[in-house]
Amino acid sequence: MNPSEFDIIILGGGLVGLTAANLCAQQGFSVALVERQEPHLTWDDNHFDIRCSAISKASQIIFQEMGVWDAIATERVSAYQRMHVWDALGFGEITFDAAEVGEADLGHIIENRVMQKALWENAKQSTHVHFYVPAKPMALQVEPEHVFLTLNDQTNLKAKLIIGADGGHSWLREFMNIESKQQDYQQSALVATVSTELSHQQTAWQRFLPEGPIAFLPLNSGKSKQPNQPNFSSIVWSSTTEKTKALMALTDKEFCEELAHAIDYRLGHVLSTAERRDFSLSRLHAKRYIANRVALIGDAIHVIHPLAGQGVNLGLGDAQKLVETLSLANKCASDIGGHLILRKYERARKGQILSTLMAMDFLNRAFAREDTLSLGLRSIGLNFIDKTVFLKKKMVLQAMGL
């Protein structure tokens, strides 16, 4: 069969893949988007998506430039002005405040389904994006000037470049034999939506426990029709696999009591919890981000610890930088799938990704130590940064991607 021809094939219709597709369409590239399943685009507004992400200012700007931010904000977003972090075993505490850097907020907590819907519908409206859903890649042939992809229904696609945004278990990364360094953290993360006795004060709360950090991320009820709105938070509790299994086995009442104690009752008692889910935590970093006519983005390159909520932001940054590189190449009449062009993208992203991976590993290990010296150093360090304005500003701007 004659293949359908495009400029770019994108594997994966998650947040990062859809962002790449929309950005490519903005630049006039024709895109084939291959995704395994249709997303759910309708839901009950009285319930939150269990999957939420902390979206940085830099990521917000990407959404704004794509023209999807208004659709996201109209649906439901939760701005947070402050972030308070403290050590359960020591005396160190630090508060980051948007006002200290002249911003209205530090970022937004947004349900993944809200972003998915806005990105999906925006791409559907574009004449440049063609959807192959549901579909799975089966075989790939890389030629000097094109790639040929065969799908499970025997559809054949041809393009100058194929982008893998297909997650931590990336089919494209494995097919191209791109090695990756992986590490099991021996931890699991428990996520849920809870309501609390006291207001979250539009603040993200994070306490470092010996087994791992617990975070309460503020949620705005938005479109919910409930008459007396409780104080909702999305929680992420990272702990040992054994501890997480024990938490999952508790009744809702027992879990709420354990949760309130873990966060030191900063938000009073935890009144209720929705469905709980857990997933194992691991680290992954691809040794190469590119191959001949192949580029990887998002979790296909990097999977990091969720303690700072930077995974999605890193992936969106990958998509932006890759499409920016491709656009510049196209304007210069260069081959968008050429090695030298793709190498520019890899060099531009590798430094930030490596530094973020190392920072997350360092924090996770540092706060797990319980010896007296480590406790003292952590406490002194947190309190010193909290009182040092220029250091706090630098850390806040870094986290915001500005």
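Colleague: Leaving aside neighbours within four places in sequence, which residues is histidine 108 in contact with?

Modeller: This is a predicted model, to start with. In it, histidine 108 touches Ser53, Ala54, Ile55, Gln60, Trp69, Val77, Ser78, Ala79 and Tyr80, with neighbours within four places in sequence left out.

Colleague: Where is histidine 108 placed?

Modeller: In strand E7, which covers residues 107-111.

Colleague: Buried or exposed, that histidine 108?

Modeller: Histidine 108 is buried, because its relative accessibility is 7% and the cut-off for buried is under 20%.

Colleague: Switching to strand E11. How many of its residues are buried?

Modeller: 7 of the 9 residues in E11, residues 156-164, are buried. So the strand is largely enclosed by the rest of the structure.

Colleague: How does strand E1 run relative to E11, parallel or antiparallel?

Modeller: Parallel, with 7 bridges joining E1 (residues 4-11) to E11. Isoleucine 9 has isoleucine 162 of E11 as its bridge partner.

Colleague: And E10 with E11, parallel or antiparallel?

Modeller: Antiparallel. There are 4 bridges between E10 (residues 147-151) and E11. Threonine 150 is bridged to asparagine 156 in E11.

Colleague: What sits between the strands in the hairpin of E10 and E11?

Modeller: 4 residues lie between those strands. Glutamine 154 in that hairpin has a positive phi near 75 degrees.

Colleague: How many bridges does E11 make with E19?

Modeller: E11 and E19 (residues 294-296) share 3 bridges, in the parallel sense. Isoleucine 163 has alanine 295 in E19 as its bridge partner.

Colleague: New topic, serine 188. Which strand does serine 188 lie in?

Modeller: Strand E12, residues 180-196. Serine 188 counts as buried, because its relative accessibility is 5%.

Colleague: Which residues is serine 188 in contact with, leaving aside neighbours within four places in sequence?

Modeller: The list includes Trp237, Ser238, Ser239, Thr240, Thr241 and Thr244. Phe279, Ser280 and Leu281 are also on it.

Colleague: Where is threonine 244 found?

Modeller: In helix H6, residues 241-249. Threonine 244 counts as buried, because its relative accessibility is 1%. Beyond neighbours within four places in sequence, threonine 244 contacts Ser188, Leu190, Ser239 and Asp278.

Colleague: Now lysine 287. Where is its place?

Modeller: Lysine 287 is in the loop between strand E17 (277-286) and strand E18 (290-291). Leaving aside neighbours within four places in sequence, lysine 287 contacts Glu179, Ser180 and Lys350.

Colleague: What separates the C-alpha atoms of lysine 287 and leucine 267?

Modeller: 43 Å, at 20 residues apart along the chain.

Colleague: On to helix H8. What should its 21 residues span?

Modeller: H8 (residues 311-331) should span 30 Å, at 1.5 Å a residue. The end C-alpha atoms are 31 Å apart, which agrees.

Colleague: Last one, the surface. Which residues form a nonpolar patch?

Modeller: Ile61, Leu397 and Leu402, with about 230 Å² of accessible area together. Isoleucine 61 lies in helix H2, residues 57-66. Isoleucine 61 counts as partly exposed, because its relative accessibility is 34%.

Key. Residues are numbered from 1 along each chain as its sequence is written. This is a predicted model: local features need pLDDT of at least 70, side-chain atom pairs count only at pLDDT 80 or more; totals for chains, interfaces and linings use all residues. Side-chain values use heavy atoms; hydrogens and water are left out. Helices (H or I, at least four residues) and strands (E, at least two) are DSSP runs, numbered from the N terminus. Buried means under 20% relative accessible area, exposed over 50%, partly exposed in between (1.4 Å probe, protein chains only). Contact means heavy atoms within 4.5 Å. Patches are made of residues with over 30% relative accessible area and no salt bridge: like charges are joined within 9 Å, nonpolar side chains (Val, Leu, Ile, Met, Phe, Trp, Tyr) within 5 Å. Accessible areas come from the Shrake-Rupley method with a 1.4 Å probe; for residues, only the protein chains shown count as cover. A salt bridge is a side-chain nitrogen of Lys or Arg within 4 Å of a carboxyl oxygen of Asp or Glu. Two strands pair if DSSP finds at least two bridges between them. The expected span of a helix is 1.5 Å times one less than its number of residues.
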